[in-house]
Amino acid sequence: MSWREAFRLSQVAFAELSFQAVYAFRQGNVLPSGNSGLLSARARRRVLQSKLVISAVLSLLTVGAAAVLHQRSLNPEILAAVPTGLFQAAILTGLFSLDIALLWWTGVQVVPTLISSGVLTVLEPLPIDRRTLEQVSTVLYLRLFDLPALTILIATPIMVGFALGPISGLAALPGAVAVVAYALALSLLTGRFFLRRVQGSRGGGGRAVVRWAYLVLWLIPAFAMFAFITVAPAFFRALAVLALQGPSFDSGLLAVAFPFSFATLPPIAAGGPASLVILSPALLLPLAVALAVYGGLAVWSIVWLSGSVRTLLFLPVRAPVDLENRLPALRPTGRARSVLTKDLRIASRTPGYAFLILLPILDAGALGLLTYASPAANPAAASLALGAVTTAALLATFFGPAFFAIEVVAYSYGRSLPLSNRSVVFGKVALVCLMYLVAAALIVGFSVLRFLHPFTFVAFVLAELPAVLAGAFLELGLLFRWARRRGLAITSLYAGAWFAVLVSVPGLIVAGTPPLLYDLFNGSGTELGLTIMALIAVAELALAFPVALGRGAS
Amino acid sequence: MESAPTDANGVPLALAGLSVSYGERPAVQGLTLTVHRGEIYGLLGSNGAGKTSTIKSIVGLVRPVAGEVHVFGLDALRDSLAVKARIGYVPETSMLYEALTPREFLEFVASVRQLDGPTATRRMQNYAEAFRLTTELEEPISALSNGTRQKVLIIAALLHAPPLLVLDEPLNSLDPRSVRIMKDVLVRYVASGGRGVLFSTHTMEVAEQLCQRVGILDRGVLRGEGTLATLRERVAEGDASLEQIFLRLTEEDAGVQAAVNALGEPSV
């Protein structure tokens, strides 16, 4: 068999992968009614749309970086302090960092889907030789990244060439190749770790900590853009200091670091090593060695990828089993609490679900840090902290429908249990509440450390809490009413995604109104603002509660 | 074995004129049957006969378009939670929370069913030992074989010692040892009185061994019902096997022969 045959087989496997990714049929989801050919075409279209969106973001980043390189439209103070070549290398370092973060982030999201779809398990028993199966796995894996990876490989040299000249454009290509190779290898490695230690993790408290730690790491690439924007001014200031020093040990360390080393190539091609100011002839040798090592690692990554995808992703994986034969005990809890515990356990092995829970918390952590780093005298910092609490409330509320959807997508068994909608709603609202409180506690922690004004922040958090509960009750109550009207105890997200999205709007309005009123009345006194905020939030809760739990809802 | 429930009214299960449709396609049409106390009732039928649709409408997964479902006198539509509390259900496909371990899943089921810790633990450990589930209790369900998943579902159905068991092809994927254990569990289960079992299968031997009465479902319609002896009388063959009765009642005996003949000699 040949690569051509492998490509042909991968076409079939990829169609199945798209189908499973969109409809989660193998996870027990009910297919929407309609012609199966049309459903399959729709699934392929949606996967293509997702790839196009990621590629568009990558293109925008590249075009944006090229525009900055071309016009040098940045802060004039920075431009005055950082030499041209060094500035260009810094911009390209940012571009490469964002490219690898975005591609890796894509990978860690789609690889679990690839695994759970089970597409290759259909091919394994067929009379296809091992080599071809490996090739099919590799082609299938590469097809997950095809458009985004091609965007990086093609757009980067073209846009850098447009900004700095064709030779510089060509010099940007090794960096783009390394970025793609590393991102694909990292996605595969983290996918493997995910299989063994997260999705395949056995029960127990210690292992749950490892799973959540991985999931936090998994989210970090998503925050790369945010973090990059945050640290960019400090990075340029550090470069200005290095430029003043001239070639030094520190600048040597920077030169051999990835991806800065690759980012030096286009400015060197355009203006020679001297244009970077921080590079002396003596530092060119370590730079060349670093480039050779990184290049070799990229080539090795590509070779490794071509032979490892099947072994790492598709062959059965079992976490090491300790052969203790002691049977565990069961510790039943209340119904609503059991829904909350179940959701947290599922989330700890399901990145997509964990993402929804961790996003408001990580966002709160980042905003809290930003508040902490702001000058104490700056009143905007206090507003930022209160704004961060509001953001946490809005984010936590926004994901209510998603928690409902995750409950319903695959798990029809739950419907055969004597579990009332009321218990499910309480469990989901408790999850939203928990997310909000953890996120708010982070912000309060940073704010207290910085401003030592705990009362305002704690009062703001508590005044907003009823509004968060009201938003969550309202959204989940409407969803359950809708599901009941359609004659289904629970239903498929794909059968009515529009409603799940639409229902977020009243939830966001409910959660967002009290902070808005606080902002309006704060000028007349913080106490007045907080009192009005709390009163409105409690009133909202009183109105939303019957919608969720009243007659006809549960 | 746990003592039989004493608070239950009426028969374990009574279906009256049950009809289920998927859009325009009828799956079950006017099905009426009763499962008595102390009885294992076998629901027989080919693939697509309507067995699973019937069972799903009993446990509340499918809303019937007509008819009534009563469990110990309770209306399954009006008192759905009370009915679900009295049923132990094993689905045809292993619809489980893939990201949980069996222990976590059973803990969730025990919580929903409001069992106390020691009782739930004792029952879980008894059944886990019987089915030789030990290390698998702490592995994610997604990593388990179909047979092991089936054992987990059976334990979940038995965990609250329900007065009615509704089992959809429960022996599928089980190893011979576990099949034997499951059969004995069911026989002892109904022997204690008061309980009932509805058991769907297309394996005639199992139905013949286990069930006091069987109902033969064909394209959504009940073609025959009763003990083996009654059904033999009906087809007027004193020594007919259940398989022969089934084929006769579903008018498939001639069709089967024609299909075999049409296949001809197996090609090499």
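Colleague: How many residues does the contact take from chain B and from chain A?

Modeller: The contact takes 42 residues from chain B and 39 residues from chain A. Keep in mind that this is a predicted model.

Colleague: Which elements of chain B give two or more residues to the side that touches chain A?

Modeller: Those are helix H2 (80-85), helix H3 (102-112) and helix H4 (117-130) of chain B.

Colleague: And where does the largest share come from?

Modeller: From H3(B), with nine residues on the side of chain B that touches chain A.

Colleague: How do the residues on that side divide?

Modeller: On the side of chain B that touches chain A, 23 residues are nonpolar, ten are polar and nine are charged.

Colleague: Chain B as a whole, then. What does its secondary structure come to?

Modeller: Ten helices and ten strands.

Colleague: What box do its C-alpha atoms fill?

Modeller: Roughly 55 × 50 × 40 Å for chain B, taken along the principal axes.

Colleague: What percentage of chain B counts as buried?

Modeller: 48% of its 268 residues. As for contacts in chain B between residues at least 6 apart in sequence, 72% of them join residues at least 24 apart.

Colleague: Switching to chain A. At what angle do H6 and H7 pack?

Modeller: Helix H6 (residues 130-164) and helix H7 (residues 166-199) of chain A pack at about 155°, and their axes are 7 Å apart. Because angles over 145 degrees count that way, H6(A) is roughly antiparallel to H7(A).

Colleague: Is that crossing left-handed or right-handed?

Modeller: The crossing of H6(A) and H7(A) is right-handed.

Colleague: Which residues make the contact?

Modeller: H6(A) contributes residues including Phe145(A), Ile152(A), Pro157(A) and Leu164(A). From H7(A) there are, among them, Pro166(A), Gly169(A), Val177(A) and Leu184(A). The residues of the contact of H6(A) with H7(A) divide into 17 nonpolar, four polar and no charged.

Colleague: What separates the C-alpha atoms of Leu150(A) and Val177(A)?

Modeller: A distance of 9.8 Å, with Leu150(A) and Val177(A) 27 residues apart along the chain.

Technical notes:
Residues numbered from 1 in each chain as written. Chains lettered and ligands numbered in written order. Predicted model: local features only at pLDDT ≥ 70, side-chain atom pairs only at ≥ 80, totals over all residues. Axes fitted to C-alpha atoms, helices over the stretch in contact; angles between N-to-C directions. Helix = DSSP H or I, 4+ residues; strand = E, 2+ residues; numbered from the N terminus. Parallel < 35°, antiparallel > 145°, perpendicular 65-115°, else oblique. Left-handed = near helix turned anticlockwise from the far one by under 90°. Contact = placed C-beta atoms within 7 Å. Nonpolar A, V, L, I, M, F, W, Y, C, P; charged D, E, K, R; others polar. Buried ≥ 20, exposed ≤ 12 C-beta atoms within 10 Å, placed from the backbone.
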